[in-house]
Amino acid sequence: MSREIIQTDKAPAAIGPYSQAVRVGATVYLSGQIALDPASGLVVEGDIEAQAHRAFSNLQAVCEAAGGSLSQVVRLGLYLTDLGAFGKVNAVMGEYFNPPYPARSTVEVSALPRGVAFEVDAVMVLD
């Protein structure tokens, strides 16, 4: 089965040796997105909510570049440097996703790239 590499300028360029997403058949594997502004490549200013909004917006842009949408995401991975912010990230996620929600795992990590407090990755299945 062939792989299609997904890339868009509407999300930050990869900051390492990886692709923004890879499509295999109807499944799209989306790399982690953090709170980087796609135009400047800089971390957005603000609190955990601002970071979560930017990360989910970046994820949405990659979904759209792959020909899908957030409504087709079947699994999310959320990574926070402080699980005390869990409720705030949940509230932001609720602005981007509607029932039925994707499966999800949420873990606290000691650090994330560029010193951000939040990262999200996903798997999407296209109709």
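**A chat around helix 1**

Guide: Let's start with Phe 56: its relative accessibility is 0%, so Phe 56 counts as buried. Keep in mind that this is a predicted model.

Visitor: Okay, so which ring pairs with Phe 56 edge-to-face?
Guide: That's Phe 97. The two ring centres are 5.9 Å apart, with 75 degrees between the planes.

Visitor: And where do Phe 56 and Phe 97 lie?
Guide: Phe 56 lies in helix 1, while Phe 97 is in the loop between helix 2 and strand 5, so their pairing ties together parts that are 41 residues apart in sequence.

Visitor: Is Phe 97 buried or exposed?
Guide: Phe 97 is buried, because its relative accessible area is 3% and the cut-off for buried is under 20%.

Visitor: What about Phe 56 and Phe 118, what sort of aromatic pair do they form?
Guide: A tilted one, at 5.5 Å centre to centre and 45 degrees between the planes. Phe 118 sits in strand 6 and Phe 56 in helix 1, so this pair ties together parts that are 62 residues apart in sequence. Phe 118 is buried, as is Phe 56.

Visitor: How many aromatic pairs turn up in the whole structure?
Guide: Three. Ring pairs also link a cluster made of Phe 56, Tyr 96, Phe 97 and Phe 118.

Visitor: Switching topic: what is the order of the six strands in the sheet?
Guide: It goes 1-2-3-6-4-5, in an open sheet with mixed pairing. Strand 1 (3–6) and strand 5 (103–108) are the edge strands, each pairing on one side only. On average, neighbouring strands are turned by 15 degrees against each other, direction ignored.

Visitor: How many bridges join strand 4 to strand 6?
Guide: Seven, and the two strands run antiparallel. Strand 4 covers residues 73–80 and strand 6 covers residues 118–125. Take Val 73, for example: its bridge partner in strand 6 is Met 124.

Visitor: Which strands does helix 1 touch?
Guide: Helix 1 packs on the sheet and touches strand 1, strand 2 (21–24), strand 3 (27–33), strand 4 and strand 6. The direction of helix 1 makes about 25 degrees with that of strand 6.

Visitor: And helix 2, which strands does that one touch?
Guide: Helix 2 (residues 86–96) packs on the sheet too, touching strand 4, strand 5 and strand 6. Its direction makes about 150 degrees with that of strand 4.

Visitor: Back to helix 1. What should its 18 residues span?
Guide: At 1.5 Å a residue they should span 26 Å. The end C-alpha atoms are 26 Å apart, so that agrees.

Visitor: What's going on at the ends of helix 1?
Guide: Asp 47 caps the N-terminal end, with a side-chain oxygen 3.2 Å from the backbone nitrogen of Glu 49. Just after helix 1, Gly 67 takes a positive phi of about 90 degrees.

Visitor: Which residues of helix 1 are buried?
Guide: Quite a list, including Ile 48, Gln 51, Ala 52, Leu 59 and Cys 63. The buried residues of helix 1 pack against strand 1, strand 2, strand 3, strand 4, helix 2 and strand 6.

How values were computed. Residues are numbered from 1 along each chain as its sequence is written. This is a predicted model: local features need pLDDT of at least 70, side-chain atom pairs count only at pLDDT 80 or more; totals for chains, interfaces and linings use all residues. Side-chain values use heavy atoms; hydrogens and water are left out. Two strands pair if DSSP finds at least two bridges between them. Helices (H or I, at least four residues) and strands (E, at least two) are DSSP runs, numbered from the N terminus. Axes are lines fitted to C-alpha atoms, for helices over the stretch in contact, and angles run from 0 to 180 degrees between N-to-C directions. Contact means heavy atoms within 4.5 Å. Rings of Phe, Tyr and Trp (its six-membered ring) pair if their centres lie within 6.5 Å; planes under 30 degrees apart count as stacked, over 60 as edge-to-face and the rest as tilted. Buried means under 20% relative accessible area, exposed over 50%, partly exposed in between (1.4 Å probe, protein chains only). The expected span of a helix is 1.5 Å times one less than its number of residues. A polar contact is a pair of N or O atoms within 3.5 Å; within protein, one must be able to donate a hydrogen and the other to accept it, and residues adjacent in sequence count only if both atoms are side-chain atoms.
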